[in-house]
Amino acid sequence: MSVYRFPQVKPSEITPQELWQGRRQWIKAAGAAALTGVAAPWSGLAGAASPATLSATRNPAYMVMDTPTPEKDVISYNNFYEFGTDKGDPFLYAKALKTEPWTVSVEGEVAEPRKFGIDELLKLAPLEERIYRMRCVEAWSMVIPWVGYPLSALLSRVQPTSKAKFVEFQTAMQPDAMPGLRSNVIDWPYTEGLRIDEAMHPLTLLTLGLYGKTLPNQNGAPVRLVVPWKYGLKSAKSIVRIRLVEKQPITSWERIAPREYGFYGNVNPEVDHPRWSQGSERRIGQGGVFAPRIKTLMFNGYANEVASLYQGMDLRKLY
Ligand SMILES: Nc1nc2c(c(=O)[nH]1)N[C@H]1C(S)=C(S)[C@@H](COP(=O)(O)O)O[C@H]1N2
Ligand SMILES: [Mo]
């Protein structure tokens, strides 16, 4: 079984020790920074608006047992091409992202299209903490305690029409803050998409924080998507527009390299990327490049929850 369902016990008893250790260290570092006026080694670099505490209720139904990736790795080893293609670029440059004010427009095939401010999104549904496995298409992975709530809570607010078959996500373009926009590695804005049933699935998280705080800019502040059974590229960061549409959208990755990236992007160890194997992965923060690779699981370990969405589909063709 992949996703462990905890019995009703106190959170302190079920929390992987490392998570709390990491959090205590963070609080210590933040506390020291407050006292001395000196930024903690990594927290101060997280951006103009430093992450603030975000309280959430742990949802025991969505806690993987794997050891969480240390926070310092989660916030310093990133893909966010708007800030450059090196894993260290977002940590260095995303502080320039302007996250206030911010609105997300939800539009298209909905009865009540409208914009949502971040304060409103923070209050739209109860915030949950969930520990998800994340698997990048580049065969590395992390385990991250996210804070958010199901995207379905937002979508149901605007009442999708019967024509809403897909959902398209568009992310921010701030040319002054994003040096990556000057290169054409992909077609901007970074655009992603889900089928409506995927978007409404309870695992699909509208995400506002990680490790008990608001999102650092490099992780997609102020609001992003997290779809844990798909490759990380589906989890669009810094979202500004959500469009419900009738036709399957074309994603940025599909447009640039359709043979390498399909619309679905489901984690599948049996379907290799044309240039590398998807059968195994390197867990970031655990032993560096010498750590043994671990086996990649079908749907990233979430097969019990999502395999039924793809019944009858040829996943070799619809990758
Ligand atoms: N806007 C935007 N969102 C993005 C990306 C990006 O380049 N731009 N990269 C994706 C990829 S490839 C991955 S693996 C994840 C990484 O998320 P993380 O840095 O929070 O771990 O973000 C995804 N979302
Ligand atoms: Mo990725």
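Let's start at ligand 1. There are 17 residues around the ligand, and Asn-78, Tyr-81, Glu-82, Arg-224 and Lys-237 come nearest. A residue counts as near if one of its heavy atoms lies within 4 Å of the molecule. Keep in mind that this is a predicted model: local features need pLDDT of at least 70, side-chain atom pairs count only at pLDDT 80 or more, and totals for chains, interfaces and linings use all residues. Residues are numbered from 1 along each chain as its sequence is written, chains are lettered from A and ligands numbered from 1 in the order in which they are written, and side-chain values use heavy atoms, with hydrogens and water left out.

Now the polar contacts, meaning pairs of N or O atoms within 3.5 Å. The side chain of Lys-237 places an N or O atom 2.7 Å from an oxygen atom of ligand 1. For Asn-78, the side-chain distance to a ligand oxygen atom is 2.8 Å. Thr-171 has a polar side-chain atom 3.3 Å from a nitrogen atom of the ligand. How much of ligand 1 does the protein cover? The protein covers 96% of the 530 Å² of accessible area that the ligand has on its own (Shrake-Rupley method, 1.4 Å probe).

Next, the core. A nonpolar core is a set of buried Ala, Val, Leu, Ile, Met, Phe, Trp, Tyr and Cys residues joined through side-chain atoms within 4.5 Å. Buried means under 20% relative accessible area, with a 1.4 Å probe and protein chains only. The largest core has 83 residues, and Leu-121 and Ile-242 touch the most other members. Strand β5, residues 140–150, gives the most to this core, with 7 residues. Strands are DSSP runs of E, at least two residues; helices are runs of H or I, at least four. Leaving out residues up to four places away in sequence, Ile-242 touches Val-104, Val-106, Leu-151 and Phe-169, among others. Contact here is heavy atoms within 4.5 Å.

On to the rings. Phe, Tyr and Trp rings (six-membered for Trp) pair if their centres lie within 6.5 Å; planes over 60 degrees apart count as edge-to-face. That rule gives 10 aromatic pairs. Tyr-190 and Trp-253 are edge-to-face, because their centres are 6.5 Å apart and their planes sit at 80°. Tyr-190 is in the loop between β6 and β7 and Trp-253 is in helix α8, so the pair ties together parts 63 residues apart in sequence. Both residues are buried.

Tyr-264 and Tyr-310 are also edge-to-face, at 6.1 Å and 90°. They are 46 residues apart. Tyr-264 is buried at 7%, and Tyr-310 at 3%.

Terms used
Buried < 20%, exposed > 50% of the residue type's maximum accessible area, 1.4 Å probe, protein only. Polar contact = N/O pair within 3.5 Å; in protein donor to acceptor, adjacent residues only side chain to side chain. Phe/Tyr/Trp six-rings, centres within 6.5 Å; stacked < 30°, edge-to-face > 60°.
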